[in-house]
Number of protein chains: 2
Amino acid sequence: MGEFDLIARYFTRPVRRAALGVGDDCALLSVTPGMQLAVSSDMLVEGRHFFADVDPAHLGHKALAVNLSDLAACGARPLAFTLALALPRVDAPWLQAFADGLLRLADAHQCELVGGDTTQGPLNLCVTVFGEVPTGQALLRSGARVGDDIYVSGTPGEARLALDALRGRLALPPAALQQLRPRLEQPTPRVALGLALRGVASSAIDVSDGLLGDLGHILKASGVGACVDATVATNLLAASAQQAVATADFGAQTLMQCALAGGDDYELVFTAPPAQQAAVQAAAQASGTRATRIGRVEPAPGLRVVDGQGQPVAQHFASFDHFA
Amino acid sequence: MGEFDLIARYFTRPVRRAALGVGDDCALLSVTPGMQLAVSSDMLVEGRHFFADVDPAHLGHKALAVNLSDLAACGARPLAFTLALALPRVDAPWLQAFADGLLRLADAHQCELVGGDTTQGPLNLCVTVFGEVPTGQALLRSGARVGDDIYVSGTPGEARLALDALRGRLALPPAALQQLRPRLEQPTPRVALGLALRGVASSAIDVSDGLLGDLGHILKASGVGACVDATVATNLLAASAQQAVATADFGAQTLMQCALAGGDDYELVFTAPPAQQAAVQAAAQASGTRATRIGRVEPAPGLRVVDGQGQPVAQHFASFDHFA
């Protein structure tokens, strides 16, 4: 099978929302008047972002999910995406499963594959996603204000528990791993929550490198500091993990590390003024996602991590850096 | 140097045309009312699209040039681009040179770097470029009509001559290689010509895989056939090559292969009705590019290659396919 057959067989579908899709030099998109285009790119590399033996359907899902998560963090509605794919060889069953996983998530978000590139090389996926947001209404990292509450969606740390189990750094019974593994391999981008938070949240980011590290980007961009209660997110994870595995023995330190610095969660961390507390919970409920208050924005620069009694937590939380 | 320092040092510049650039979850672009957004993605892999020892400034240039060429083939004006970069390691002088080559070409086209991704992995570059074109005026592959003239810009085949010389398949004196090598490593995207051809050309494509192969995409998308005089493009290349190397002995077969199936030229192949002949030459002149008529669109499907006397050329022309 050649390059053009491969594109035609697995990645070409009737054009729906785009003016022109796969198969010309460019795709053509019409952006609704009054809307800005939100754009994000993520590259996934074998051995770095996924294991070589990953289920290709899960990989297809994740390649798009991590990009949709960036749209969610801006409060943008998904519109379309491009896929550039380097493949060591043409493996028909692998490609079929990959395309299925990718396009199933795309369909769920009415996000259309409009173009891309295929080439031979070490397995590498690059997705660029496009969304729309009313001009001036995007959720930015720079909007946090002193006194705002800090929230996180879902249960950060589940993805890292699964990763550590797969790497053999943590013992998880097979049934528990089976329950947590989708959080790592098929994360749910919080698109509906991001849309519901427009006009409610003052800033937002998605958790890809770890809750505290990503919150740090908000603080830096907003020129503020924060105090975070480490026990809140840790308790969320403890409750979830214990549902998964009554028999597993998680150290408190491990749980706290996973919850606060685990990464790969694709939950949203966001801030909102205290007056928006009810609106935040309404947005969470409307989008079927939990939002939990974990701290408050403060004037003093830096991030202070405390326990339930307000005492400083000594533990060091390293955020993920691809070149550290 | 960490991931965020790397982005800040080499790839973050003041935002100009975008509403929001590098450093948030998404970039935000405003698309001019009445315009469609043209989008294209290309991935470059070491060993496949460039040699490991390529000058990083040339690589930066080429990564963007091949994408701008897709905008040119649609008649779209460059607006912005994202860059996703997998690097084996952080090599400061390499990154500085790469960013210089990339951003110099970007500045020349007022095309702004608005976002992207960096990660560790085998060297891989993925650029996604955005342009604007008035709604309904994009040059498509599907617009060729029976009776249209077929043109090519510049001198297709020069890039392939340089490639074959670098691979040791062809003997070129060092001075000649030095003259032809920029055509391979720093191709000129025909953006100005693409813009000038709006309303003049009936279809267009850029030559990445080879003149005849890429023309074939136009014919297929337009449901027509064509007759191409092989001697015209071959003579263009012969004249250019002999300027480069009076002493080199190019076989006629080699020149014809390079001109008609060489690939990596990033020239435009386009069609236009005979009534537009003067307008085509005016567009070429206005954009400082040569446009040469090489054939005509015919009703019978398929591509017929003839010599100057109209006799069929027996030679087989294989277009480049990444998985063939």
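## Terms and basis of the model

Helix axes are lines fitted to C-alpha atoms, for helices over the stretch in contact, and the angles between them run from 0 to 180 degrees between N-to-C directions. This is a predicted model, in which local features need pLDDT of at least 70 and side-chain atom pairs count only at pLDDT 80 or more, while totals for chains, interfaces and linings use all residues. Residues are numbered from 1 along each chain as its sequence is written, chains are lettered from A and ligands numbered from 1 in the order in which they are written, and side-chain values use heavy atoms, with hydrogens and water left out.

## Two crossing helices in chain A

In chain A, helix α2 (residues 56-74) and helix α3 (residues 92-108) have axes that come within 6 Å and cross at roughly 35°; helices here are DSSP runs of H or I with at least four residues, numbered from the N terminus. The crossing of α2(A) and α3(A) is right-handed, a term for a near helix turned clockwise from the far one by less than a right angle.

Among the residues that make this contact (heavy atoms within 4.5 Å) are Leu64(A) and Leu68(A) of α2(A), together with Trp94(A) and Phe98(A) of α3(A). By class, the contact has 12 nonpolar, 3 polar and no charged residues, where Ala, Val, Leu, Ile, Met, Phe, Trp, Tyr, Cys and Pro count as nonpolar, Asp, Glu, Lys and Arg as charged, and the others, Gly among them, as polar.

## A buried residue in each chain

Ala230(A) is found in helix α8 (residues 230-244) of chain A and counts as buried at 0% relative accessibility; buried means under 20% relative accessible area, exposed over 50%, and partly exposed in between, with a 1.4 Å probe and protein chains only. Not counting residues up to four places away in sequence, Ala230(A) touches Met256(A), Leu260(A), Val305(A), Val306(A) and Val313(A).

In chain B, Ser69(B) belongs to helix α2 (residues 56-74) and is likewise buried, with a relative accessible area of 0%.

## Salt bridges

The whole structure holds 18 salt bridges over all chains, each a side-chain nitrogen of Lys or Arg within 4 Å of a carboxyl oxygen of Asp or Glu. Glu185(A) pairs in this way with Arg181(A), their closest N and O atoms being 3.0 Å apart; Glu185(A) is buried at 8% relative accessibility, whereas Arg181(A) is partly exposed at 32%.

In chain B, Arg183(B) and Glu158(B) meet in a salt bridge with an N to O distance of 2.4 Å. Arg183(B) lies in helix α5 (residues 174-185) and Glu158(B) in helix α4 (residues 158-166), so the pair ties together parts of chain B that are 25 residues apart in sequence.
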